[in-house]
Amino acid sequence: MKSPLRVVLAATGACTLITGCSLPNASPPLPDDWTPRGSVSALVAFAPGGGSDRSARVIAEGLNELDAGYSVNVENKEGGSGAVGWATFMSERGNGNALLVAETALNTLPIVYDVPFSYRDFTPLVMFAQDSRVVLVPADSPHETCADLVEAGAEDPVKTGSSGKTGADSLVIEEFRKNGGEFSVVPYGSTGEVLTALLGGQLEMAPASAAAAKPYVESGDFKVLCTLSEERYDDPVLGEAPTAREQGLDAEVTIWRGVLAPDDIADVQRDYWIASIQEAMRSDIYEDYIETDLLIPANVAGQDFEDFLDEYDQRMREAL
């Protein structure tokens, strides 16, 4: 029996197959000085307002500031925890005027669900940031550390929320499960919905990005039990929170954010976009984004990005 996600994507997959049937060498070779012209789409496989959407708009604005004769426009195509958008992007094969802004779920979704794509169906350009997660509980929670949560979960499952089924939140929960805790997971469509549920007393704890968590910690609504980052955050509010490893847990979660292109684009197109994205990353808007969202800056491009994705995929298969 086909999985529900596979059924949802059937029509999209058929369209992709048709689009991918172009004859080899049907187009003349591109000039060495190729540049994009007109409108360039930057697809995001999630709804507006989330972390992926925000990162795409930062990259698009940075590219547009280069004033290079094209305009990058963010397009949101949500559904299936990213699957609908990514399956749709496969139809852009060979199109140098299309970009994809994606993150870790592009690795994890194909591991968990039967979908017609993987990260290998796209061309890695630049990983521009890494992110992690903090673990939040209500301010009056009896738990003081993430080790407390894991211990409590060993006795009775702790109720938590998760933004999507295969993203960073799910990785946090899997890390805690490996350390002996059990968790009852309620899926939500966004981090905002998860934090609203935690605020309303529907959840006992919730993983969240540092940027999303910080306002609630400042207001006194939530407290941070630990971070899943390698080191403590360099931040006056979140910097007091210890890492999970400091609390004796073998748990760490890092997600990537990057830009990819369709499969089968020309080398000159790949090289152009890598250089342009790296130039856009020198803009004030990118630097403000990294600082405001408490991200880990990254600049991993081309083959190095592809190698990173291969290694990351292996780690995710072990984790999930």
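Me: What makes the span of helix α3 agree with its number of residues?
Reply: In this predicted model, helix α3 covers residues 51–64, which is 14 residues. The expected span is 1.5 Å times one less than the number of residues. For α3 that should give 20 Å, and the end C-alpha atoms are 20 Å apart, so the two agree.

Me: Which residues of α3 are called buried?
Reply: Ser52, Asp53, Ser55, Ala56, Val58, Ile59, Ala60, Gly62 and Leu63. The word buried requires a relative accessible area under 20%.

Me: Why is α3 called roughly antiparallel to α11?
Reply: The axes of α3 and helix α11 (residues 284–292) cross at roughly 160 degrees and come within 9 Å. Angles over 145 degrees count as roughly antiparallel, so α3 is roughly antiparallel to α11. On the α3 side the contact is made by Arg54, Ser55, Val58, Glu61 and Gly62. On the α11 side, Ile285, Tyr286, Tyr289 and Thr292 take part.

Me: Why is Asp293 counted as buried?
Reply: Asp293 has 14% relative accessibility, and the cut-off for buried is under 20%. Asp293 therefore counts as buried. Asp293 is found in the loop between α11 and β11. Not counting residues up to four places away in sequence, Asp293 touches Arg54 and Ala211.

Me: What makes Cys146 and Cys226 a disulfide?
Reply: The S to S distance between Cys146 and Cys226 is 2.0 Å, and a disulfide needs sulfur atoms within 2.5 Å. The pair is therefore joined by a disulfide. A search of the whole structure finds one disulfide. The link of Cys146 and Cys226 is left-handed, with -90 degrees about the S-S bond.

Me: Which parts does the pair of Cys146 and Cys226 tie together?
Reply: Cys146 lies in helix α6 (residues 146–155) and Cys226 in strand β9 (residues 222–227), so the pair ties together parts that are 80 residues apart in sequence.

Me: Are Cys146 and Cys226 buried or exposed?
Reply: Cys146 has 0% relative accessibility and counts as buried. Cys226 is buried too, with a relative accessible area of 0%.

Me: Why is Ser41 called buried?
Reply: The relative accessible area of Ser41 is 14%, and buried means under 20%, so Ser41 is buried. Ser41 has its place in strand β1 (residues 38–44). Leaving aside neighbours within four places in sequence, Ser41 is in contact with Asn73, Glu75, Asn97, Ala98 and Leu99.

Me: Why is Ile296 called partly exposed?
Reply: Ile296 has a relative accessible area of 38%. Buried stops under 20%, exposed starts over 50%, and partly exposed is in between, so Ile296 is partly exposed. Ile296 is in strand β11. Ile296 touches Ala129 and Gln130, not counting residues up to four places away in sequence.

Me: Which members of the largest nonpolar core touch the most other members?
Reply: Trp86, Phe176 and Trp256 do, in a core of 47 residues. A second, separate core has 34 residues, including Val72, Ile274, Leu295 and Ala301.

Me: Which residues is Trp256 in contact with, leaving aside its neighbours within four places in sequence?
Reply: Among them are Ala102, Leu106, Met127, Ala129, Phe305, Phe308, Leu309 and Tyr312. The contacts of Trp256 also include Glu103, Thr104, Asn107 and Gln130.

How values were computed:
Residues are numbered from 1 along each chain as its sequence is written. This is a predicted model: local features need pLDDT of at least 70, side-chain atom pairs count only at pLDDT 80 or more; totals for chains, interfaces and linings use all residues. Side-chain values use heavy atoms; hydrogens and water are left out. A nonpolar core is a set of buried Ala, Val, Leu, Ile, Met, Phe, Trp, Tyr and Cys residues joined through side-chain atoms within 4.5 Å. Buried means under 20% relative accessible area, exposed over 50%, partly exposed in between (1.4 Å probe, protein chains only). Contact means heavy atoms within 4.5 Å. Helices (H or I, at least four residues) and strands (E, at least two) are DSSP runs, numbered from the N terminus. Axes are lines fitted to C-alpha atoms, for helices over the stretch in contact, and angles run from 0 to 180 degrees between N-to-C directions. Angles under 35 degrees count as roughly parallel, over 145 as roughly antiparallel, 65 to 115 as roughly perpendicular and the rest as oblique.
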